[in-house]
Amino acid sequence: MLQYSKTGQKILDPFCGSGTTLLEALLNGRDAVGVDMNNIAVKISLAKTFIPDIRELDCIFDEIIEDFTTLTEYTTVSFPDKEVWYTKDVSEVIDKLFFLISKIKSNDYRNVFEVLLSSILKTVSNKRSIWNNGYIADNVLPNKKYTGDALKVFRNKYYALKKSYIELVSALPNRVGNVSIQLSNIIDYSPNEQFDLVITSPPYPFAVDFVKYNRLVYYWFGWDVNKKSEEETGSRTKRNRSNAVEDFFNEMELVYKHIFSLVKEGGYFCMTVADTHRNKSKVSFVEWLYRIFCENGWNLVADDIRQLECQSMAQKRIQYEHKLVFKKM
Ligand SMILES: C[S@@+](CC[C@H](N)C(=O)[O-])C[C@H]1O[C@@H](n2cnc3c(N)ncnc32)[C@H](O)[C@@H]1O
């Protein structure tokens, strides 16, 4: 970020996810826009780049916990198979917390607590253990009962969150970057001005489906999992067809050409990417990127390769990560 941009220049992360680039922009005094079509990604990015007053945060948390014990009337969320996904006790805890959080007046603080609650929804569900970190399958229901204390998990998550916010506040520079975040498919995002730098980790062919990964969060918030998943570039819903690889790249080409139009001449595009696999054969995303950038007037400036050590289930077959930098000529 510091190498390829100057203070006052504008950065875009077209697939901002949980907001890593945006947080760096904030801390490095850069102005940045993050775009993502996933509702929870946008909420996480907003929470990650929010600078709270820690005392205010504590007050809201204490109030939630205090009101929780006396709360008798509250609205409940309903979605298919809720009683299969959650025990009665856990559902009651989440419904109560959702209700109390919905009463927080400030949008920013309410968003923080919604994100906090969303972060425990998988942990306290009756999920199968193989779903701990990964994708939750479409047609398979959970087979284990969660026996922990959901309120305690929420509390502990709050303490961890508060610690991160204290660290964030103490790391703030004199000039904090301006960050804005948009919930949009990047293809529909057409701002008036162009950007100096794009920094992103884009969707990979045949890697993670972020909407379905967050299926339970979508249920609780009443967002449409299937509709959103269809919108996600490269999502699993498009993979079973015989021409899935071609479809992915055709879709990606449109998306990349649109992002290219958002960057100034002389601007940079930095990303972390990797080759993936489908049906045991390699899908060369990196080579495809070289070609697509080259055909559209970009030059490769750097390709730093590193071997990945710690691999999650979803990434198991991704061995090398490339840090690619292109310049728009
Ligand atoms: C690899 S992740 C980004 C990870 C991010 N760097 C982080 O730190 O969390 C890719 C992101 O692209 C988003 N995405 C996929 N298709 C999109 C589209 N067409 N428009 C906008 N966002 C999209 C997904 O929702 C996901 O959050």
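Buried area is the accessible area, taken with a 1.4 Å probe, that two parts lose on being put together, summed over both. By that definition, domain 1 and domain 2 of this protein bury about 940 Å² between them, and 61% of this lies on carbon and sulfur atoms.

Before I continue, a word on the source. This is a predicted model, in which local features need pLDDT of at least 70 and side-chain atom pairs count only at pLDDT 80 or more, while totals for chains, interfaces and linings use all residues. Residues are numbered from 1 along each chain as its sequence is written, and side-chain values use heavy atoms, with hydrogens and water left out.

Let me turn to the domains. An automatic or database domain assignment supplies the bounds: domain 1 comprises 10-48 + 172-210 + 226-328, and domain 2 comprises 54-170. Their centres, taken over C-alpha atoms, are 29 Å apart. Thirteen is the count from domain 1, that is, 13 residues in the contact, with 11 residues from domain 2; contact here means heavy atoms within 4.5 Å.

I close with the ligand. Around the ligand are 18 residues, of which S18, T20, D36, N185 and T233 come nearest; a residue is near if one of its heavy atoms lies within 4 Å. The side chain of S18 places an N or O atom 2.8 Å from a ligand oxygen, and a polar side-chain atom of T20 is 2.5 Å from an oxygen atom of the ligand.

Notes. A polar contact is a pair of N or O atoms within 3.5 Å; within protein, one must be able to donate a hydrogen and the other to accept it, and residues adjacent in sequence count only if both atoms are side-chain atoms.
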